[in-house]
Amino acid sequence: MEVTQTIETALTQGSESPFAPNWGKVFMWVFILSDGLIFASLLAAYGFLRFTSPSWPNRWEIFHPHYIAAMTILLLSSSTTMAISVESLKAGKHGMARFFYLVTFLAGVTFLGMQAYEWSHFIGEGASLTGNPWGIPMFSALFFLITGFHGFHVLSGVTILFLVGMLKLYDKATVHTVEMAGLYWSFVDLVWVFIFTFVYLI
Amino acid sequence: MSDTTIVKKRVFVISWVLLMLLTFAMLAVGTGTAPAHQKNVFILVMMLAQAYLVAFYFMHLRFEKLPLIVSVVFGILLTALLLYGVLIWEGTRIIILTNP
């Protein structure tokens, strides 16, 4: 009798997701996977074009390694503060959650500023989508495409953080909403780990 | 994460310290003078370690239920491998066909 009632309740009122977390989180993961595959295809294209090219510019003659490392450290640290903020919120420590959330937001804005400076420096050296002084047009085209697409994600992330922060301030956002924002922010960081490796280091 | 689990701050701090160490190691090797293939293998291993820390701790995958972990890890790994495999195979074929 009880089983029948449980099944009836499940059929009429919906039931728990087979993945255990709420559906919002599962669909955020679906979005992250599909977005991740776009980045994977961009990096695959980068790898293929690079290794079929007879030569490739030495990145450390163009970009400053410590500057790129600072950008990486900033983004990785912002993921840490975001994760701490979400967990603090779950534990009911609202003051700490707010502080780390704000730090994450500021780190995101700083990263965007650093990327803008890096782009202006690169453009100043003569790089564009169609050519560059190093003689391999694909190099700058891919650089702008990949880092630009990632930069767009950082901008979206910062906007989401701002909007969710505002909603939370007026008690219109739940812990789950903040957690979704955190998941997206860490994804942006995860993608940067791959970009840092393939575009700058290897 | 199962929605009720609360991860201790210490876990994130340790992950952050490891991420910093990995970043410095990658940078040191990347700008160093070791042979390219050795450098690349080392950097790729470090990159995977970084990706693991971010995905499993900051994105909370470590604390999720197994079906979600399997779906995410195998979903993205298999699709990415397929994508890389097809792209590289097809691209190489085109190059061979256009430059006989």
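Tutor: Two residues are in contact if their C-beta atoms, placed from the backbone, lie within 7 Å. Helices (H or I, at least four residues) and strands (E, at least two) are DSSP runs, numbered from the N terminus. By that contact criterion, Gly24(A), Lys25(A), Met28(A), Ile32(A), Phe39(A), Leu43(A), Tyr46(A) and Gly47(A) of H2(A) meet residues of H6(A), among them His176(A), Met180(A), Leu183(A) and Phe187(A). The model is a predicted one, in which local features need pLDDT of at least 70 and side-chain atom pairs count only at pLDDT 80 or more, while totals for chains, interfaces and linings use all residues. Residues are numbered from 1 along each chain as its sequence is written, and chains are lettered from A and ligands numbered from 1 in the order in which they are written.

Student: What makes H2(A) and H6(A) roughly parallel?

Tutor: Their axes, 11 Å apart, pack at an angle of about 15°. Axes are lines fitted to C-alpha atoms, for helices over the stretch in contact, and angles run from 0 to 180 degrees between N-to-C directions. Angles under 35 degrees count as roughly parallel, over 145 as roughly antiparallel, 65 to 115 as roughly perpendicular and the rest as oblique. The angle therefore makes H2(A) roughly parallel to H6(A).

Student: What is the class make-up of the contact of H2(A) with H6(A)?

Tutor: The contact of H2(A) with H6(A) has 13 nonpolar, three polar and one charged residues. Here Ala, Val, Leu, Ile, Met, Phe, Trp, Tyr, Cys and Pro count as nonpolar, Asp, Glu, Lys and Arg as charged, and the others, Gly among them, as polar.

Student: Why is H3(A) called roughly antiparallel to H1(B)?

Tutor: The axes of H3(A) and H1(B) cross at roughly 170° and come within 10 Å. That angle makes H3(A) roughly antiparallel to H1(B). The residues of this contact divide into 11 nonpolar, five polar and two charged.

Student: Why are H2(A) and H3(B) described as roughly parallel?

Tutor: H2(A) and H3(B) pack at about 25°, with their axes 10 Å apart, and the two helices are therefore roughly parallel to each other. On the H2(A) side the contact includes Trp29(A), Leu33(A) and Phe48(A), and on the H3(B) side Leu68(B), Val72(B) and Tyr84(B). By class, the residues of the contact of H2(A) with H3(B) are 15 nonpolar, five polar and no charged.

Student: How many residues of each chain take part in the contact between chain A and chain B?

Tutor: In total, 39 residues of chain A are in contact with 39 residues of chain B. Helices H2 (23-51), H3 (65-90) and H6 (175-201) of chain A each give two or more residues to the side that touches chain B, and H3(A) supplies the largest share, 12 residues. This side of chain A holds 26 nonpolar, 10 polar and three charged residues.
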